[in-house]
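Dear colleague,

Please find the structure below, followed by a short account of what was found in it.

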Amino acid sequence: MSPYVVIAVVAAWFAVSLAISRVSGRRGKWTGDRRNSWWVVTLAMISSCMSGVTFVSVPGMVASSGLGYLQMCIGFFLGYLVIAFVLTPLYFRLGVVSIYEYLEKRFGLSSYRTGAWMFFISKLLGASVRLFLVCLTLQMLLFGPLGLPFALNVAVSAVIILAFTWRGGVHSVIGNDILRTVCMVAAVVLTLIFISKAFPEGTLAGNEMTRIFFFDDPGHPQYFWKQLLGGIFMVIAMTGLDQDMMQRTLTCRNVRDSQRNLIVSSLLQTVVIALFLILGVEMYSYASLRGIDASGDTLFPAVAVSGGLPAIVGILFLVGLVSSAYGAGGSALTALTTSFSVDILRTNDPGKRRLVHVGMAVLMGVTIFIFASINSTSAIDAVYKLASYTYGPILGLFAFGILTPWNVRDRLVPVVALAAPLLCLALVLTAPYWLSGYHFSYEILPLNAAVTFLMLCCIKRKK
């Protein structure tokens, strides 16, 4: 694919996104004035849980795990029910701008800041991993062929997401989420259609990569109950306790509309993920047929621009990747700005918020460089593993606040939030030696939350 085609696609997407941001910038930044229809937020939520990582990594993962990711999707749906009927009514009743204000009302200022800081670290790392993978792809397709350095690639990406979130706030996020939902679904469906023409008899029947359920080996990372449990707690933590994700839900008009949005969007997200997984099976078959040596995160880019498919497939891939990646980066940047301004600086001053907004974009760029030095491209796995450690204390704090009548010694909460992930990390590293070769997967997240919960019990005090 010509670098100039890449430039044209990125420029066209940026122009449309900027127009959406300018139009939506006239409305409320923090909660959208709670005027959005539930179905509008649902369309936004379909893609908000996905990113360039989903777009690239999910098709590539079927070689190692088949369609086993759908096991987590079952857990996702159950987790969404908890968010809809436990957390959402709580947030609306409290009337919060930042969901971590609950921790201040329940425990105190130290708990509030602990939750805000854990979210800040979680979102910064997760967003940077996602953008890092996209920057690698753009380096291969655009910056590398033009002889431009990776540093310029990262800087351009940071400026793009900064520009279209500068004025729009949460409304620009929702508007661009709808745009990338359309781009993402169109890209995966049309690519499936074009690739399937190379296999008139189909590739799914009898294919080893179409296995969904894994019940035979409890020590395997894909074991059903591990994936189900991980999916439940992962979506509660990464959606229900995530300022970025809940900002969208809190723009609905009332609790019932928010609940409709969460349930319907979870079902639609499962359908989209299934399409990506099926696309992965088709792509591995096509790569084998054409002699394309690619797997994992490099599969989709390699097949899309291989030249064996119509040029429109490469363009669709690029449109889907750019819209999903920059859209997710923009929403993360908005959430980081909101959380740092409201939760940490405790200010709503517009001037300070703009400075924070720029600072967050720079910080994301620096973090991408750190990931580049580590050079890890197992992106979707990295996102979930990071979330298991950083969201665990948040999940434990909220669970303790909702499920018990006790208060805690507020000044000791930061110590607990640091100690619990470190204990879990030590357990993960040593478990294969004293648990007969057992390897932890994403179930480390509920374990992390449980350790936090137990440590909070040790510092509890009656109301």
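How many salt bridges does a search of the whole structure find? The search finds three, a salt bridge being a side-chain nitrogen of Lys or Arg within 4 Å of a carboxyl oxygen of Asp or Glu. The model is predicted, so local features need pLDDT of at least 70 and side-chain atom pairs count only at pLDDT 80 or more, while totals for chains, interfaces and linings use all residues. Residues are numbered from 1 along each chain as its sequence is written, and side-chain values use heavy atoms, with hydrogens and water left out.

Glu104 pairs with Arg346, their closest N and O atoms lying 3.3 Å apart. Helices here are DSSP runs (H or I, at least four residues), numbered from the N terminus. Glu104 is partly exposed at 28% relative accessibility, as is Arg346 at 40% (buried means under 20% relative accessible area, exposed over 50%, partly exposed in between; 1.4 Å probe, protein chains only).

Arg260 forms a salt bridge with Asp257, again with 3.3 Å between the closest N and O atoms. Because they are three residues apart in helix H12 (residues 255–290), about one helical turn separates them. Asp257 is buried at 9% relative accessibility, whereas Arg260 is partly exposed at 39%.

Asp216 forms a salt bridge with Arg211, at 3.3 Å between the closest N and O atoms. Asp216 is exposed, at 60% relative accessible area, and Arg211 is partly exposed, at 36%.

Yours sincerely

Notes: Helices (H or I, at least four residues) and strands (E, at least two) are DSSP runs, numbered from the N terminus.
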